[in-house]
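Here is a short briefing to read alongside the structure.

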Amino acid sequence: MDEVILARHGESKLSLIGTVNGDPAVACGLTHEGAEQARRLGEELADTPIDLCVTSEFERVRQTADLALAGRDIPRVILPELNDVRFGRFEAGTLADYREWASSNEPTVEAPGGGESRAATVARYVRAYQTILARLEPRILVVTHGLPIRYVLNALAEKDPAPLVEQVAYAKPYRLPRRELELAVMRLESWLAAPAWH
């Protein structure tokens with residue numbers, strides 16, 4: 001892999017109302033605006049050769065990739081490690097409630113009700129990016145969720161994971177050469193050695 005293009009899914013029906021969804025079995029497609037965002041992503045990437053598209057398991061992510069790459073014969077790989085956070089009892093609740101819980105608990109604490117800790121989430125994202133870095137395709141489009149992208153962008157800005165992070169724009173491409181993704185992954189791995197909110 002020489003270059004990765006990271007893009008969050010388009011606006012979904014649940015994100016529109018501020019509801020979290022970390023279960024890929026729950027149907028949650030794009031809004032009309034989300035579909036338009038995905039098409040605009042496709043227009044922006046129309047002249048860019050793409051050798052592989054990697055997505056999470058979620059409907060909103062796969063639908064974004066379908067619309068962005070319509071008419072192009074590009075192989076797909078689904079990486080469950082790129083899935084959104086497993087929210088536990090916060091599933092189908094508000095993002096605000098989950099963020100309040102995350103801010104008041106250390107990153108190693110699992111979300112109640114069968115959820116995962118943020119440290120486990122970061123470890124999962126690191127595994128996903130390591131898998132992507134090991135691919136032979138030169139240019140890879142990764143359509144996923146906001147958090148795995150934000151953690152990479154923040155790591156490149158020398159910021160460790162935090163419970164509250166700035167949202168990533170819908171369906172905006174972030175182009176990173178291999179070395180930048182490697183550096184981001186190394187910083188995330190270093191944080192995982194002793195995960196703590198600073």
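Two strands count as paired if DSSP finds at least two bridges between them. With that in mind, Val-54 has Val-142 in S4 as its bridge partner. Please keep in mind that this is a predicted model. Its five strands form an open sheet of mixed pairing, in the order S3-S2-S4-S1-S5.

**The sheet as a whole**

- The edges are strand S3 (76-78) and strand S5 (174-177), and each of these pairs on one side only.
- On average, neighbouring strands of this sheet are turned by 20° against each other, ignoring direction.
- In general, the strands of a sheet pair through backbone hydrogen bonds, and they do this either parallel or antiparallel.

**Strand S4 and its partners**

- Strand S4 covers residues 139-144, and five of its six residues are buried, so the rest of the structure largely encloses this strand.
- On one pairing, S4 is joined by four bridges to strand S2 (residues 52-55), and the two run parallel.
- S4 also pairs with S1 in the parallel sense, here over six bridges.
- Val-142 in S4 is a handy landmark: Leu-6 stands opposite this residue, and Val-142 is also the bridge partner of Val-54.

- Arg-8 belongs to strand S1.
- A polar atom of the Arg-8 side chain does lie 2.7 Å from the backbone oxygen of Val-168.
- Beyond its neighbours within four places in sequence, Arg-8 is in contact with a list of residues including Thr-64, Thr-144, His-145, Ile-149, Tyr-170 and Ala-171.

- Ala-171 sits in the loop between H6 and S5.
- Is Ala-171 buried or exposed? Its relative accessible area is 7%, so Ala-171 is buried.
- Leaving aside neighbours within four places in sequence, its contacts are Arg-8, His-9, Gly-10, Gln-37, Ala-38 and Leu-41.
- Ala-70 lies 101 residues away from Ala-171 in sequence, and their C-alpha atoms are 15 Å apart in space.

**Asp-160, in the loop between H6 and S5**

- Asp-160 is found in the loop between helix H6 (146-156) and S5.
- With a relative accessible area of 27%, Asp-160 is partly exposed.
- Which residues does Asp-160 touch, leaving aside its neighbours within four places in sequence? They are Arg-187, Trp-191 and His-198.
- With Arg-187 there is a polar contact between the two side chains, at 3.2 Å.
- Asp-160 and Leu-183 are 23 residues apart along the chain, with 13 Å between their C-alpha atoms.

Terms used. Residues numbered from 1 in each chain as written. Predicted model: local features only at pLDDT ≥ 70, side-chain atom pairs only at ≥ 80, totals over all residues. Heavy atoms only, no water. Axes fitted to C-alpha atoms, helices over the stretch in contact; angles between N-to-C directions. Buried < 20%, exposed > 50% of the residue type's maximum accessible area, 1.4 Å probe, protein only. Polar contact = N/O pair within 3.5 Å; in protein donor to acceptor, adjacent residues only side chain to side chain. Contact = heavy atoms within 4.5 Å.
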